[in-house]
Amino acid sequence: MTDQLDPRPPARPATSPKDLANGPFPDRGARLPLLDAEITAALTEEGAALDEGEHQLWLDLLDPAFRYEIPVPLLREDPALPRHSRSAVLFEATKRVLQLKLGRSGLLQAWSDRPATTTRHFLGTVRVFDAPAAGVVRADANLLVTSNRGTEHTMLVSAARQDLLRERHGRWVLLRRRVLLDVEVATHEQLSVIF
């Protein structure tokens, strides 16, 4: 037996998908272009469920550990600095919070949702990257969302979206979503939309 230190670095514990739902959003791993079409199809179906008001179908596409966040946009003079906060958020929700939010829209008491808001998600430039957990990928995309309610409430907002998707039971489900709004100051109408 010796008192010398082991020159090998300690084994790093494997990151679990649940760990990725919390903490800092993971950096991009290796590019996975062969998954672009498959992940684009999954995200297209997910956006269609939101646009068509199929809220339960959309909620079924969320992992139980799902986390949704909209970081605070930052106005920077130096373009090299990040345009969104890494710690402060304008809105953050779990799957349970979104179940409560969307569950109200079908109730008669939800008078503030009448007339219903019409949204359209336009998804583009989806790129897939490896993530630091087995069975999880990161998808970065551009997003344009329109929201209309009545004749006077029309909104158009663009954003970059970063998703972590996990393969479960033969399909991709959302583990985490980070929405980077292309605005300096977000309005309450923008924050009420699920991107």
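Mentor: Happy to! Let us start with S85, which is found in strand β2, residues 84-94. Strands here are DSSP runs of E with at least two residues, while helices are runs of H or I with at least four, and both are numbered from the N terminus. Before going on, please keep in mind that this is a predicted model, in which local features need pLDDT of at least 70, side-chain atom pairs count only at pLDDT 80 or more, and totals for chains, interfaces and linings use all residues. Residues are numbered from 1 along each chain as its sequence is written, and side-chain values use heavy atoms, with hydrogens and water left out.

Is S85 buried or exposed? S85 is buried, with a relative accessible area of 12%. Buried means under 20% relative accessible area, exposed means over 50%, and partly exposed is in between, using a 1.4 Å probe and protein chains only. The side chain of S85 reaches the backbone nitrogen of S87 at 3.1 Å, and a polar atom of that S85 side chain also lies 2.8 Å from the backbone nitrogen of A88. If we set aside neighbours within four places in sequence, S85 is in contact (heavy atoms within 4.5 Å) with P71, V72, L74 and R178.

One of those partners, R178, leads us to the charged residues. Side chains of opposite charge can pair when their charged atoms come close. We call a pair a salt bridge when a side-chain nitrogen of Lys or Arg is within 4 Å of a carboxyl oxygen of Asp or Glu. R178 belongs to a network of salt bridges that also links R67, E69, E92 and R176.

The side chains of E92 and R67 meet at 2.7 Å, N to O. Because E92 lies in strand β2 and R67 in strand β1, this pair ties together parts that are 25 residues apart in sequence. E92 is partly exposed, at 41% relative accessible area, whereas R67 is buried, at 15%. Leaving aside neighbours within four places in sequence, R67 is in contact with several residues, including A21, N22, G23 and L175.

The other pair is R176 with E69, whose closest N and O atoms are 3.0 Å apart. R176 lies in strand β6 and E69 in strand β1, so the pair ties together parts that are 107 residues apart in sequence. Both partners are buried: R176 has a relative accessible area of 1%, and E69 has 5%.

Now step back to the whole chain. There are five helices and six strands, following the pattern α-α-α-β-β-α-β-β-β-β-α along the sequence. Buried residues make up 37% of the 195 residues, and the count of salt bridges comes to 13. One of these joins D63 and R166, with the closest N and O atoms 3.1 Å apart. Since D63 lies in strand β1 and R166 in strand β5, that pair ties together parts 103 residues apart in sequence. D63 counts as buried at 2% relative accessibility, while R166 is partly exposed at 23%.

How values were computed
Polar contact = N/O pair within 3.5 Å; in protein donor to acceptor, adjacent residues only side chain to side chain.
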